[in-house]
Amino acid sequence: MMSKNDLKNKVVLIAGGAKNLGGLLSRDFAAKGAKLAIHYNSDATKADAEKTLADVQAAGAEAFLFQGDLTKVENITKLFDETVSKFGGIDIAINTVGMVLKKPFTETTESEYDQMSDINSKVAYFFIQESGKKLNDNGKICTIVTSLLAAYTGLYSTYEGMKAPVEHFTRAASKEFGDRGISVTAVAPGPMDTPFFYGQESSDAVAYHKSASALGGLTDIKDIAPLVEFLVSDGWWITGQTIFANGGYTTR
């Protein structure tokens with residue numbers, strides 16, 4: 001089976017691969033000799049995507065960028081098809097796409113509900129579905145979820161609520177794809193020290209989140225990337241699982 005030592009020339013597709021955790025994963029896989037399909041959503045992320053592409057190519061990796069709104073399922077299909085067309089197949093598919101909304105239950109609008117459902121749940125479902133159709137045998141699938149899945153809290157009803165189904169998608173897909181040697185996992189980080197986190201939080205909430213983990217502080221993307229990389233290489237025997245990696249922020 002695939003080892004972390006033989007990622008050279010493996011094809012890795014990363015949704016949301018331009019910045020933050022996705023950008024770090026892109027750079028790490030490039031350093032290990034993988035070929036990369038780097039997805040980004042919109043023009044707002046284009047500069048980050050181009051910088052990431054330049055960095056991975058400077059590391060010697062073959063790579064390309066794909067821009068698209070993955071809430072439109074045809075764009076997920078195009079992303080996978082273009083990757084297969086360019087590289088001949090796909091070995092690893094990682095979905096880091098997500099959106100946070102912090103808002104009282106009684107104030108959430110229908111349009112906000114629909115948007116959160118599309119980004120956090122629908123994209124994850126059809127990304128895993130397309131992976132099951134297009135990945136090579138013995139491929140690896142990993143989705144980023146959230147440690148709020150194990151939290152007893154208000155204000156994040158649509159975020160944790162729309163990430164929750166991904167655990168079930170992961171279990172079901174791991175059962176259905178297992179006879180092809182494909183492992184399917186989800187990783188649930190704590191609040192990560194990235195712009196993705198700060199946009200929704202007040203300064204007092206940030207202080208609370210920093211104090212809430214047993215090991216202290218927010219989750220660093222540098223502590224999550226190695227776990228994802230392990231699960232899609234030597235850790236392939238772990239499948240159907242959601243792994244909470246949050247320094248003791250929440251647990252079950």
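This is a predicted model: local features need pLDDT of at least 70, side-chain atom pairs count only at pLDDT 80 or more; totals for chains, interfaces and linings use all residues.
Residues are numbered from 1 along each chain as its sequence is written, and side-chain values use heavy atoms, leaving out hydrogens and water.

**The nonpolar cores**
- The largest nonpolar core has 31 residues, and Leu13, Leu70, Phe80, Leu135, Ile141 and Phe177 touch the most other members.
- A nonpolar core here is a set of buried Ala, Val, Leu, Ile, Met, Phe, Trp, Tyr and Cys residues joined through side-chain atoms within 4.5 Å, with buried meaning under 20% relative accessible area (1.4 Å probe, protein chains only).
- Elements giving two or more residues to this core include strand E1 (11-15), helix H4 (110-134) and helix H5 (157-177); helices (H or I, at least four residues) and strands (E, at least two) are DSSP runs, numbered from the N terminus.
- H4 supplies the largest share of this core, five residues.
- Another core, of 28 residues, lies apart from it, with Ile38, Ala61, Val232 and Ala245 among them.

**Around Phe177**
- Skipping neighbours within four places in sequence, Phe177 is in contact (heavy atoms within 4.5 Å) with Ile128, Gly132, Ile141, Ile182 and Val184.

**Around His39**
- You'll find His39 in strand E2 (residues 35-40), and it is buried, with a relative accessible area of 3%.
- A polar atom of the His39 side chain lies 3.0 Å from the backbone nitrogen of Gly16.
- The backbone oxygen of Gly68 is 2.8 Å from a polar atom of the His39 side chain.

Terms used:
Buried means under 20% relative accessible area, exposed over 50%, partly exposed in between (1.4 Å probe, protein chains only). A polar contact is a pair of N or O atoms within 3.5 Å; within protein, one must be able to donate a hydrogen and the other to accept it, and residues adjacent in sequence count only if both atoms are side-chain atoms.
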